[in-house]
Amino acid sequence: MLLRTARHWPEADTSVTKLVNRLFRLRDLILEESAREMARFELSPVEFAVLSSLRKLAPPREMRPSELYNAMVVTSGGMTKILKNLETRQLVKRLPDPTDGRSVRIRLSESGATLIEEALATVQASQAAMLAKAADSSAVARLADSLAAFTSTLDR
């Protein structure tokens, strides 16, 4: 795509275009590889995200469903389906909210914590192996540090 742009639309062939296109492509490659690894654990990317979001919390590792779907940009109906599936698999527990009798809290179960810890380690190892094909770990760390300036400045 970048070659076609340079050849057929040179005025659009800017360093910004190149950076953005390469970031998008790298994102796609990483997501594809990560999804393959998540599938080994019978997790979709959004299920992986739900479990990892809960795992990142202090014990008892729980949130309201609305906090989860807002954080993931998933509809409430979509999140309900995801949470039912995770609950059926005993990866999360649905508990009454002690501060609001109309609401529930979603808690990461022990088996959910074990699964997401194993899945995350596998996904991270796969990502590291993939990136190692292009650069050594110090170059990856430098790139991560360089991109941090962009994300911290531009993140709303």
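Which helices each supply at least two residues of the nonpolar patch? I looked this up before anything else. Helix H2 (15-40) and helix H7 (137-154) do.

**Ground rules.** I am working from a predicted model, where local features need pLDDT of at least 70, side-chain atom pairs count only at pLDDT 80 or more, and totals for chains, interfaces and linings use all residues. I number residues from 1 along each chain as its sequence is written, and side-chain values use heavy atoms, with hydrogens and water left out. I take helices (H or I, at least four residues) and strands (E, at least two) as DSSP runs, numbered from the N terminus.

**Entry 1, the nonpolar patch.** I listed its members: Val 16, Leu 19, Val 20, Leu 23, Phe 24, Phe 150 and Leu 154. Together they have about 670 Å² of accessible area, by the Shrake-Rupley method with a 1.4 Å probe, where for residues only the protein chains shown count as cover. A patch takes residues with over 30% relative accessible area and no salt bridge; like charges are joined within 9 Å, and nonpolar side chains (Val, Leu, Ile, Met, Phe, Trp, Tyr) within 5 Å. A salt bridge here is a side-chain nitrogen of Lys or Arg within 4 Å of a carboxyl oxygen of Asp or Glu. H2 gives the largest share of the patch, 5 residues. I checked Phe 24, which lies in H2, and found it exposed at 53% relative accessibility. For such labels I use buried for under 20% relative accessible area, exposed for over 50%, and partly exposed for in between (1.4 Å probe, protein chains only).

I went to H5 (76-88) next. H5 has 13 residues and reaches 18 Å from its first C-alpha to its last, close to the 18 Å expected at 1.5 Å a residue; the expected span is 1.5 Å times one less than the number of residues. I noted Met 79, Ile 82, Leu 83 and Leu 86 as the buried residues of H5. Seen down the axis, these buried residues fall within an arc of 95°, so they line one face of the helix. The arc is that of the directions from the helix axis to the C-beta atoms. On the other side of H5, I found Lys 81, Lys 84 and Thr 88 exposed. The buried residues pack against H3, helix H4 (65-72), S2 and strand S3 (100-108), with contact meaning heavy atoms within 4.5 Å.

Most residues other than glycine have a negative phi, and most peptide bonds are trans. I noted Gln 90, which follows H5 and has a positive phi near 60°. Gln 90 lies in the loop between H5 and strand S2 (92-97) and is exposed, with a relative accessible area of 58%. Arg 61 has a positive phi of about 55° although it is not a glycine. A cis peptide bond joins Pro 59 and Pro 60, with omega about 15°. I placed Pro 60 in the loop between helix H3 (45-55) and strand S1 (62-63), and Arg 61 is in the loop between H3 and S1.

Is Leu 54 buried or exposed? Leu 54 lies in H3 and counts as buried, at 0% relative accessibility. Not counting residues up to four places away in sequence, Leu 54 touches Arg 61, Glu 62, Met 63, Leu 68, Val 92, Ile 106 and Leu 108.
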